[in-house]
Amino acid sequence: MALKKLGVVPNYQEITSKTVIVIGMGGVGSVCAEMLVRCGIGKLILFDYDTVELANMNRLFYQPDQVGQSKVEAAKTTLAKINPEVVLETYSMDITRVASYDHICDRIRRGGLDGESRVDLVLSCVDNYAARIAINRVCNDLDQPWFESGVSENALCGHIQLLLPGRVACFECAPPLIVEEGKSEKELRREGVCAASLPTTMGLIAALLVQNALKYMLRFGEVSYYLGYDGFCDFFPTWPMRCNPNCASPRCRELQAYYNAQGWKHPQDANHKHADSTSRKVKDEATEPGPAEIEARKWGITEIDDKDELKSQHSPQAALSQHLPDARPLPPSEETQGAEAASASEIEDLMASLKKLMSQ
Ligand SMILES: [Zn+2]
């Protein structure tokens, strides 16, 4: 009510009529579900095939006494206690199986609160490429807006991305480089190394995801099409990604043709109101592409719209951290400056000794 009175959200009460599907109830998805329940969402449909393990306790949400239970059942119990007014529907199911496709399609089409209407949004909180591809295919087929999210293996970086089929890049428009090169996801995994995870990063990505889901559903603020997070230096890159005209998904290409014919303008091309909610101010610099851009386009990569804005956000530390993921650049402190001075005087002493030796 206060959000409405203060003019932040036109009609916050609308949230009670909204339905969201959360796919993947791990460190990000479970926190998203809890946030949505506390925000007063009308209905949640939860998908996950896994069970709660003791090893999950370094993340948020699940409790040690839930170990062994299916994640969706454990979540249902907790969420119902927090807000009994939310309608909860759960499926302990592997969404990458062919047999799951029809069921997910049906839940997107008819999962709404009234049992007939389409859900409002799908949130992908899965941790692997195969599951993301499965969600991308279903959402492309049904022209269903969805948000994708991810946390990196090093536990300090992540992203969220809004996917509007045929309008901004789908997951197959810009596949990970390793996939484009024909390698398998398994090759990324290093022997004996398990992905790291921190509740801080996962909570942060979940919060960014739900914040943008709220903005999208309740039509306020500006929704981020892509928002990255680099926890080494707190750098948050953001930009909308264009569809790849040569996307591997025939349905994506079909929807691109449809929305182009409808006069859809990409957010980078003009000050544009997307769907029914967001706007984004962008500069349109019509310049001939250079060789680097032609190479980038081959991979479906397009340039960030506002270079000045990005430059101001992108500190040298951020640049260094991006190229050297394991580096932890720190601003020079008085102590390190002192150390540099000491080492410089040491070099002078050494040079003097060397000259002395050579003259002998
Ligand atoms: Zn695509």
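Which residue in S3 is the bridge partner of Asp48? In this predicted model, the partner of Asp48 is Ser92, which belongs to S3.

The chain as a whole comes first. Twelve helices and nine strands make up its secondary structure. The chain has 360 residues, of which 33% count as buried. Of the contacts between residues at least 6 apart in sequence, 68% join residues at least 24 apart.

Next comes the sheet. Seven strands form an open sheet with mixed pairing, and their order is S3-S2-S1-S4-S5-S6-S7. Strand S3 (87-92) and strand S7 (226-230) stand at the edges; each has a single partner strand, so one side of each has no neighbour in the sheet. On average, and with direction ignored, neighbouring strands of this sheet are turned by 10° against each other. Helix H5 packs on the sheet, where it touches strand S1 (19-23), strand S4 (121-124), S5 and strand S6 (157-163). The direction of H5 makes about 165° with that of S4.

Helix H5 covers residues 129-142 and strand S5 covers 146-151, and Pro145 is found in the loop between them. Is Pro145 buried, exposed or partly exposed? Pro145 counts as partly exposed because it has 18 C-beta neighbours inside 10 Å, whereas a buried residue needs 20 or more. Apart from neighbours within four places in sequence, Pro145 is in contact with Leu121, Leu163 and Leu164. Leu164 lies 19 residues from Pro145 in sequence, but the C-alpha atoms of the two are 4.8 Å apart in space.

The nonpolar core remains. The largest one has 69 residues, and those with the most contacts inside it are Val22, Cys32, Leu123 and Leu209. Helix H7, residues 199-218, gives the most to this core, contributing eleven residues. Leu123 shows what such contacts look like. When residues up to four places away in sequence are not counted, Leu123 touches Val20, Ile21, Val22, Ile23, Cys32, Phe147, Leu209 and Ala213.

Conventions:
Residues numbered from 1 in each chain as written. Predicted model: local features only at pLDDT ≥ 70, side-chain atom pairs only at ≥ 80, totals over all residues. Helix = DSSP H or I, 4+ residues; strand = E, 2+ residues; numbered from the N terminus. Buried ≥ 20, exposed ≤ 12 C-beta atoms within 10 Å, placed from the backbone. Contact = placed C-beta atoms within 7 Å. Pairing = 2+ DSSP bridges. Axes fitted to C-alpha atoms, helices over the stretch in contact; angles between N-to-C directions. Core = buried A, V, L, I, M, F, W, Y, C linked by C-beta atoms within 7 Å.
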